Amino acid sequence: MYLLFILLFPLLIGSALLIFKPKNAFAISLAASIIELAATAFVLKEASLNPVSFSAPWVAEAGLSFSLYVDGISGVLIGLCALLVPFIVATTANTDRANNAQFQGLMLAMQTALMGAFLAKDAFLFYFFFEASLLPIYFLAAIYGGENKNAITFKFFVYTLFGSLFFLIALVYVYLLTPGEFHSADIDVLYQTAKGLSADQQGYLFAAFFLAFAIKMPVFPFHTWQPDTYTVAPAQGTMLLSGIMLKMGTYGVIRLVLPMFPLGVATWGLTASILSVIGVIYGSIIAIQQKDAKRLLAYSSFAHVGLMSAGILSGSIEGIQGALYQMLSHGINIIGLFFVIEIIERRTKSREIAQLGGITQFSYPLTVTFVILSLGSVALPLTNGFVGEFLLLKSVFDQNLTLGIIAGITIILGAVYTLRLIQKSMFGNVSRITADFADLTFAEKAVLIPLSALVILGGIFPSTVLGFSEPAVQQLIQWFK
Amino acid sequence: MTAIIALSLLGILNLFLGFWLSRKTIQAATLLFLAGSMALTALDWNHELLWYGHMFHTTNTSISFSLIIQLAAFMVVSFSKGFGIDEEHTHPAEYYAILLFSVVGAILMVSFDHLIMFFVGLEILSVAMYVLTGSDKRNLRSNEAALKYFLMGSFATGILLFGITLVYGATRSFYLANIAVAIANTPPESTPVFLSIGVLLILVGFLFKISAAPFHFWTPDVYEGAPTIFTMFMSTVVKAASFAALYQLLSGPFGTMYGTWVYPIYYISMLTLLVGNITAVYQQSAKRMLAYSSISHAGYMLLTVSANQASTPSTILYYSLSYTLATIVAFGVVMLVAEYQTGRTEKPENFSSFEGLAKQNPGLAFCFTIALLSLAGIPLTAGFWGKFFVFSDIFNRHVYYPVILAIVMSAVGVYYYFKGIIAIYFKEGDIERIELPGLVKFAMWACTLGTLLLGVYPSIVKNLF
């Protein structure tokens, strides 16, 4: 029942906001997301002892059930989702979006879709939320987005939907092979069934599943929707996209692809890893050349997720653990960084890196938090990024030395574009548009300081999360070892 | 069964009511009649009975389809406001009566056990539709549509009748059960060739009625020319009835001839999906886009007919219902906006006249969005499960290429349905608040909520069998 609550509560409040359009939408939305965080924390506490589950009949005559499940793996992701949404809501404080009931309502509806995808134990339920999450984010981006928003958000929608249709068809294929008159789409049953398929079949199915997730993450060469969409979406939409939504892709690979198609991964995993690593390097190189700070972060996110994908596809315990930890860290870092850019844009009306400079003279707290978040992003030891990135690189090294070495370059390239961004914006000479840069407000500090603290805490105490997820990962590994 | 007698009598009563009562009262009376006949239909639930010398057969499947047909008619009547024609030239009683008669025809089409009964049902429905298409009699395009529909329709009916004759010649019976026995008892080598030809000719007649490519050329013109309210009726009632009848024929008496009819259906469904979806992309008019969309949905439904699984009738039922609910809202909104825009813009049904609809009419915009999402097959709406059940049925036959094509075409579908959504939400326009009569509001929200309910909990319908 707790699971049902954390799933539906945001949607309930969100739809109330959409329908009744109250004046104080910000307060309601923030309170709801904090209640959601508390409830999720409670569920996670339970889940750290024993997996928590909930099940109800859904489409009985098709063998589909409404079953939710929290173990170490989904626990990390619902934790991430519940943790980030209050911060994302808080970033709207004192803007014209704060009390925009429609905006807040869509964000909360989005949270339910994301939570649902992470909680689902029935593969169709997963698909259902996986797709449903497109609607609120599409409307967020298309209503509140920037220049040329219609064409870009539309491309995003059609592109991702197209990929997931192949996922759907492959899923139906496996589902129809499950035993019983009505079949079943329970994840455990699917694992069992898919195991019996031939290497050829698994190869095709792997391709169909991976295509959907590769588009969502995105992995090279399916990323063309991503930089445009991240740039054009409102800051909060970008945060939802990069902080949480792309993790549906990586989570899908961990939860469905690896245990269902071990033979498919054996055949095609290396190819997919190579594509992911190409994305890592390609994304980093393009990020170095970006003039728009938000676009730079979009490409950096593309590079980071490529490494996660490569680590997961290695199929080792380090790879999966590292990816889980990195999903959490990347979520925290990237929404912090996007918020910093948003703050700069609010004050200077510009995201052009070349036009900025010398902000540190006006706002010391902004510089400090920006530097901490960036260091987390470039994976400096004692930051949260280090733990995940280290484990991921190790897993790629173990799988293929050459690939590991190439992927390792990302640390250098990551440092180049991130430090360049800090240097050009925070230090150097004050430019015309940064001349009267106002210091951070209380609301802005209230977001950036806790996020920075999490970067450091995550670097010092990684074992809290890694220990939480380990039993589930061990169990998952059994399916394909 | 009592429902068809009641509807026929009430239709005649409706004609007489026209002498004394105003349009509003007749509309209310028609709604009442339909509600009553739905109740009568539902009373037969779980009573499998044969009527009229075993020519008419009520089963739970036929009752479900009859209910969908009457529900569609109910919603269409709720949306009608004098059929978009000015007061003095309106003859509401006639149109409502013809509507009721055509519902009788549609019910016969889903509950026949005899080919002549089927043919009578089809003709009652078709002739009524020819008249309704041309009901906007001072509009040139409505006349053109009616003539086109009539000529093409009669031709198709002729082919269908010829097919029935050949089947009769080969099996010496019009009764479905006897035909099945005759076909099963004839050894394959002595089966007359004209039996297969007969089946294929019947199929061609059907393909015309459901507007499958390459027999679809009449559809866009007729759908566009007819008054929107009757387009709404045509695209829902005619489709649902024809598919139910097609499935009943193919799976019943011709079930053993699976090999004869399944390949034509595969190729035709693929062609239909391609033609419907790709042509829809290029449409500027929302009404014409919906016409092509109805062609493409015929493609999906043909696929499930070809699967011929135990779950197929419930899939067709589910798909018809979800398609009906969404299509009624979609055409309804097109009709309301076009009426508002008449005189303000040259082409009131184009996407450009929808621009900015969401600003002053959030409810209308929301319903239209849900309808389009459902037609596109996005989760949370009934359309998603419709597609899911179709794919799952066809996969059980281990047929893959049509499904892959269907998937690619679903993505194309998203493209043109979203044109409408983008126009109403993200383009600037100056549409003021459109006042909706209570009935229209009720029908619109009932269909929208139904779409959402079926989208979250599809078991309600799938459980019926």
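Q: What makes H15(B) largely enclosed by the rest of the structure?
A: Of its 15 residues, 12 are buried, so H15(B) is largely enclosed by the rest of the structure. Do keep in mind that this is a predicted model. To count as buried, a residue needs 20 or more other C-beta atoms within 10 Å of its own. Among those that pass in H15(B) are Leu364(B), Cys367(B), Phe368(B), Ile370(B) and Leu375(B).

Q: Which helices do the buried residues of H15(B) pack against?
A: In chain B, they pack against H12 (286-307), H13 (312-341), H14 (357-360), H16, H17 and H18 (438-456).

Q: How do you know that the span of helix H15 of chain B agrees with its number of residues?
A: The expected span is 1.5 Å times one less than the number of residues. For the 15 residues of H15(B), 362-376, that gives 21 Å, and the end C-alpha atoms are 21 Å apart, so the two agree.

Q: What makes S1 and S2 of chain A a pair of strands?
A: Pairing calls for at least two bridges. Here 7 bridges join S1 (residues 52-59) to S2 (residues 64-70), and the strands run antiparallel. They therefore meet the cut-off for a pair. Pro57(A), for instance, stands opposite Ser65(A) in S2(A). The hairpin has 4 residues between its strands, and Gly63(A) takes a positive phi near 75° there.

Q: How many residues of chain B are in contact with chain A, and which helix gives the largest share?
A: On chain B there are 21 residues in contact with 21 residues of chain A. Helices H16 (382-395), H17 (401-426) and H19 (459-462) of chain B each give two or more residues to that side. The largest share, 10 residues, comes from H17(B). By class, this side of chain B has 15 nonpolar, 5 polar and 1 charged residues.

Definitions and conventions:
Residues numbered from 1 in each chain as written. Chains lettered and ligands numbered in written order. Predicted model: local features only at pLDDT ≥ 70, side-chain atom pairs only at ≥ 80, totals over all residues. Contact = placed C-beta atoms within 7 Å. Nonpolar A, V, L, I, M, F, W, Y, C, P; charged D, E, K, R; others polar.
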